[in-house]
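Let us walk through this model from the whole chain down to single residues. Keep the structure open as you read.

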Amino acid sequence: MTILRFGPFLLDVADASVRRGDDILKLTPKAFAVLELLAGRPNQLVTKKELLDSVWADVIVGDAVIKVTVREIRKALDDDPRDPRFIQTVHRRGYRFVGDVVRETASAFGSGAPPPRSPIAPVPDLVAREDATSQLDGWLDDARGGQRRMVFVTGEPGIGKTSLVEAFAARAAATPAVWIARGQCIEHYGSGEAYLPVLDALGRLCRCDGADAFVELLARYAPTWIAQMPALAGQVDVEQLEVLGATHERMLREMAEALEVFLDGATLLLVLEDLHWADFSTLDLISLLARRPGSARLMVVGTYRPVDLVISGHPLRGLVRDLSSHRVCEDLPLRSFDEAGVGEYLGRRFPERAFDAGVTRRIHEQTGGNPLFVSHVADHFESQDGGGLDDTVVPEGIRQVMERRFESLAEPERKLLEAGSVAGHEFDAAALVGALRSGGDKDATLDAVEERGDALAARGDFLRSVEAPPWPDGTVSARYMFRHALVQNIVYDQVSPSRRARLHRWVGEALEGGYGDADGQAAALALHFEHAHQPDKAIHYLQRAAANARRRHANREALGHLVRATELVGQVRGSERLGLLLDVLEGRGLIKRAMGDMSGAADEFDALVQTAREAGNTEREVEALLLLGSVLFWVGRERCLATVDEALARSREIDNELLRAHAAGWCAHWNLNLRGWSDDDAAACLHAVESARRHGDRRLLCLHVVRSVYLHMLRSDYDVADRAAQEGAALALELADAFDYLLVHFFRAWTLLHAGRWDELLRVLDHGEEIARKNGHELWEILFGLVRGQLCDQCFAYEEATALAEPALTRASEFPSETGQLRYHGSIVRGLAELCRNKPGNARKWLDPLEGETEHVDWMLHLPWLWGRAASRTKAKSPAQSIAVVQLLLKTARGPGERTYLALGHRVAAEAHLHAGELDRASAELEKARAVLKQGAAPLAEWRVEVTAGRLKRAQQTDGDACWRAAEECLEILAETLGEAPDLQATIRKYRDRLRA
């Protein structure tokens with residue numbers, strides 16, 4: 001790991017952190033990137049262009065954003081720009097790091113201790129694979145030198161991919177500081193378990209002796225992954241992992257970063273077999289690991305069958321093509337033996353015999369030189385009486401060879417293999433005991449089954465033993481793998497269809513009993529019960545598999561499971577069918593909503609509404625309409641409002657008091673958000689909170705408490721809003737609801753801004769932005785940045801406010817169809833920043849064009865927008881125009897009784913009359929403003945009202961000193977809450993000091 005030391009600070013590049021002793025400094029990712037760049041080039045000028053190109057390469061921003069970021073760094077380092085110890089400003093050009101920097105390299109994994117590895121079975125000598133072996137060894141040497149390698153070993157079934165990789169891994173195991181992790185993809189219909197081979201590989205590695213440091217590393221750098229590995233619960237407190245709001249992108253990034261930290265002192269060989277069955281998420285991780293810039297001691301070896309990709313249309317085919325075009329992967333195709341290779345194999349297998357060319361030729365012709373087929377032909381001859389190779393008889397083909405060998409087995413061994421072929425490519429002996437006993441084998445105890453399995457594995461023609469993790473219920477048994485998928489298929493074909501169905505049911509029931517509520521086998525259980533002709537149970541486990549995938553943030557796999565469930569619903573008979581279809585459609589809609597596919601989610605929820613009506617289930621219909629309205633907010637807001645109106649009307653027909661209250665409160669929230677204030681809607685929102693609390697429904701309580709913050713905020717009940725926000729945050733955390741957790745922090749930030757509690761505001765913004773950044777929620781990060789921009793407007797830090805508005809405006813221009821909210825909010829922050837500059841004309845250029853976009857934009861934004869429009873006209877000395885806008889502002893704020901903007905409205909009106917020389921009317925408006933302020937605190941308005949009062953006194957040629965002192969005291973109170981933001985504190989105090997001018 002690269003470490004940069006300067007002064008009392010330690011900058012850890014791999015950890016992306018800066019420490020002072022045991023304390024970690026609070027730095028945004030952009031600030032860390034700037035500091036890393038500057039400290040990495042001590043005493044060198046780093047130009048503004050270099051900083052923008054390096055740190056903000058993906059967005060269009062101005063120089064002001066650099067200034068804001070450098071201020072953040074200086075605050076964290078306690079570095080005075082007037083007498084810098086670390087960062088020196090080079091006027092108009094850039095910045096220079098002037099502190100002494102010591103560069104160190106350290107590794108938590110470079111101690112030389114032998115790495116843990118999973119046991120690797122002995123493998124025979126390879127035949128005719130010298131070139132492939134040499135290439136793999138060379139690529140491993142490259143990886144050990146820091147050059148990441150992605151290798152795909154390809155070939156037809158039986159060509160020897162696994163044998164080659166096992167032999168390679170066995171050699172690598174003897175190499176110092178090489179860790180080996182191996183995972184296996186499993187064949188499924190539709191979507192498999194997300195990240196299955198990777199979690200398989202990591203799980204095996206973490207269970208080895210000596211892997212404690214690797215487990216600790218995963219817990220620190222990849223908590224989203226360790227949370228998916230319940231078997232490690234004894235080593236890591238999973239409940240303490242920071243995974244709220246995690247996303248698919250975060251999981252990928254965390255694993256890539258964790259490996260890079262780990263690989264600073266070790267080399268990892270990650271083997272992923274049978275990628276032609278891989279899930280989407282595993283392919284995404286492979287793509288990221290292959291493309292990620294920078295060095296890494298990593299070698300990934302994946303095996304797959306090209307023909308399977310063509311037949312199934314598997315996305316691995318496109319990924320390999322893309323990686324190859326960018327030259328970030330290697331292809332190692334394996335070919336069949338030629339006649340010489342067949343002869344070499346036979347010579348090694350039977351060293352005491354000499355074979356003429358005719359036998360070798362016939363075997364080559366019969367098998368096509370496929371190594372697996374050749375080995376089975378040799379197995380067949382070896383099993384014949386006399387143990388020799390008959391020079392005149394060559395079996396008809398591999399299937400006939402295996403069928404004959406299968407038929408030659410004793411009945412208990414045949415029954416075991418039949419049940420095993422149904423259980424899967426890999427299977428546990430414990431999964432077969434119940435199936436064999438149910439099939440009439442009363443002697444099938446666990447010990448007996450393991451004894452038979454061990455005997456078959458010792459022969460090596462059908463099975464081999466593999467590592468066996470314990471089941472969740474504590475069951476420990478031997479585990480076996482078929483020698484090849486072809487062998488499994490041949491045995492499977494020997495089982496009659498009716499017996500297959502029974503075996504699938506018995507194996508499924510055994511896994512149910514052993515795994516209970518654990519989800520690791522959900523997709524496999526769904527497959528077993530589907531083949532057992534039990535579609536209702538198959539659908540149940542497909543839903544469980546979808547939920548499991550969603551916990552891994554693998555929405556595509558989750559959707560695939562539910563698509564398959566939809567197909568099976570048609571096989572269900574009776575009244576249960578519509579109920580299952582309702583559940584599946586709801587799940588599909590929720591997944592598409594989580595994926596951001598709002599149009600697709602609307603289609604699913606539309607179907608849900610129609611199905612509920614067909615079933616005559618009014619309660620589910622109401623719930624479906626509410627879900628439909630939630631996504632139509634992003635698709636079509638007119639239709640959103642029509643849908644919630646319909647939901648409210650239908651809810652009046654049901655007897656469920658909680659659902660009626662929920663529907664009324666949910667619809668009322670959308671009305672408040674999009675249509676404006678209504679006392680009846682506010683009452684419905686609060687009644688929904690009371691109803692959910694009374695019924696003990698934590699999910700609905702969270703939903704409505706979070707949204708109640710909005711109406712308390714609009715009423716200027718800031719303390720009530722803050723208490724509700726804190727309760728809502730605790731509920732969202734309890735329920736792991738990332739959306740509501742971020743939403744309530746956004747509402748709380750807005751509340752604290754207007755309450756003048758800016759110290760608390762800064763902490764809320766820091767936390768919200770940290771959660772958003774960690775999980776890649778770009779929209780939420782932008783929204784929190786806009787509230788920070790509003791704070792900067794209030795502090796007259798117009799450059800900072802301008803920089804903070806840029807990401808929203810850039811995003812709005814790139815995705816205009818997404819929503820007008822970002823453009824609207826960003827333009828308000830930008831326009832108010834121009835007012836800070838005392839440039840009302842520029843302010844109007846940002847604010848006035850929004851007039852045609854106000855319909856169905858979040859209603860709370862209308863208040864600062866109208867205030868900014870009115871104030872810009874007053875500053876431009878257009879009192880008549882200002883008064884017209886003020887009237888609309890007062891009407892809007894009067895509905896909920898929003899004190900801040902009511903007082904500001906009267907204050908702007910007073911300013912307009914003052915400019916017009918109408919002193920009596922100005923005085924009357926000020927009295928109205930003061931009357932509003934007597935109703936409760938509104939610090940953003942209070943000091944401004946006092947400033948206008950001082951100006952009025954000056955115009956009246958009377959003593960206004962008390963007014964000016966009151967304004968200065970209000971500003972100082974606000975400034976004192978900015979102790980953690982000294983730059984903003986200095987700006988607002990600077991404004992205060994020149995207030996009377």
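**The chain as a whole**

Of the 997 residues of the protein chain, 56% are buried. Buried means under 20% relative accessible area, exposed means over 50%, and partly exposed lies in between (1.4 Å probe, protein chains only). This is a predicted model, in which local features need pLDDT of at least 70, side-chain atom pairs count only at pLDDT 80 or more, and totals for chains, interfaces and linings use all residues. Residues are numbered from 1 along each chain as its sequence is written, and side-chain values use heavy atoms, with hydrogens and water left out.

The secondary structure comes to 45 helices and 16 strands. Helices (H or I, at least four residues) and strands (E, at least two) are DSSP runs, numbered from the N terminus. Along its principal axes, the C-alpha trace spans about 125 × 75 × 45 Å. Now take the contacts between residues at least 6 apart in sequence: 67% of them join residues at least 24 apart. Contact here means heavy atoms within 4.5 Å.

Two pairs show how sequence separation and spatial distance can be read together. Val261 lies in helix α9, residues 248-262. Val261 counts as buried because its relative accessible area is 4%. Val261 and Val13 are 248 residues apart in sequence and 9.5 Å apart in space, C-alpha to C-alpha. Arg348 belongs to helix α13, residues 339-349. Arg348 has 41% relative accessibility, so it counts as partly exposed. Arg348 and Glu800 are 452 residues apart along the chain, and their C-alpha atoms are separated by 76 Å.

Another arginine, Arg748, sits in helix α33, residues 738-755. What does Arg748 touch, not counting residues up to four places away in sequence? The answer is Asp722, Ala725, Gln726, Glu760 and Val764. Arg748 is buried because its relative accessible area is 16%.

Next, look at helix α40, residues 879-894. The expected span of a helix is 1.5 Å times one less than its number of residues. For the 16 residues of α40 that gives 22 Å, and the end C-alpha atoms are 22 Å apart, which agrees. Which residues of α40 are buried? They are Ser882, Val885, Val886, Leu889, Leu890, Thr892 and Ala893. Seen down the axis of α40, these buried residues fall within an arc of 160 degrees, so they line one face of the helix. The arc is that of the directions from the helix axis to the C-beta atoms. An α-helix has 3.6 residues a turn, so residues three or four places apart point the same way. On the other side of α40, Ala880, Ala884 and Lys891 are exposed. The buried residues of α40 pack against α39 (862-875) and α41 (899-915).

Helix α42, residues 919-933, can be read the same way. Its 15 residues should span 21 Å, and its end C-alpha atoms are 21 Å apart, which agrees. Buried in α42 are Ala922, Glu925, Leu926, Ala929, Val932 and Leu933. These residues cover an arc of only 115 degrees around the axis, which puts them on the same side of α42. Their cover includes α41 and α43.

**The second largest pocket**

The second largest pocket has a volume of about 1500 Å³. A pocket is found on a 1 Å grid over the protein atoms alone: it is an open set of points where a 1.4 Å probe fits, with protein on both sides within 12 Å along at least five of seven lines, and lining residues have an atom within 4 Å of a point. Grid points are joined across faces, edges and corners, and the volume is the space filled by probe spheres set on the points.

The lining has 49 residues, and Phe796, Cys836, Thr987, Tyr991 and Arg994 lie nearest the centre of the pocket. Several helices supply at least two lining residues each, among them α3 (64-77), α39, α41 and α43 (939-955). Which helix gives the largest share? That is α45, with 6 residues. By type, the lining divides into 20 nonpolar, 6 polar and 23 charged residues. Ala, Val, Leu, Ile, Met, Phe, Trp, Tyr, Cys and Pro count as nonpolar, Asp, Glu, Lys and Arg as charged, and the others, Gly among them, as polar.

Finish at Phe796, in the loop between α35 and α36. Phe796 is not a glycine, although its phi is positive, about 65 degrees. Its relative accessibility is 15%, so Phe796 counts as buried.
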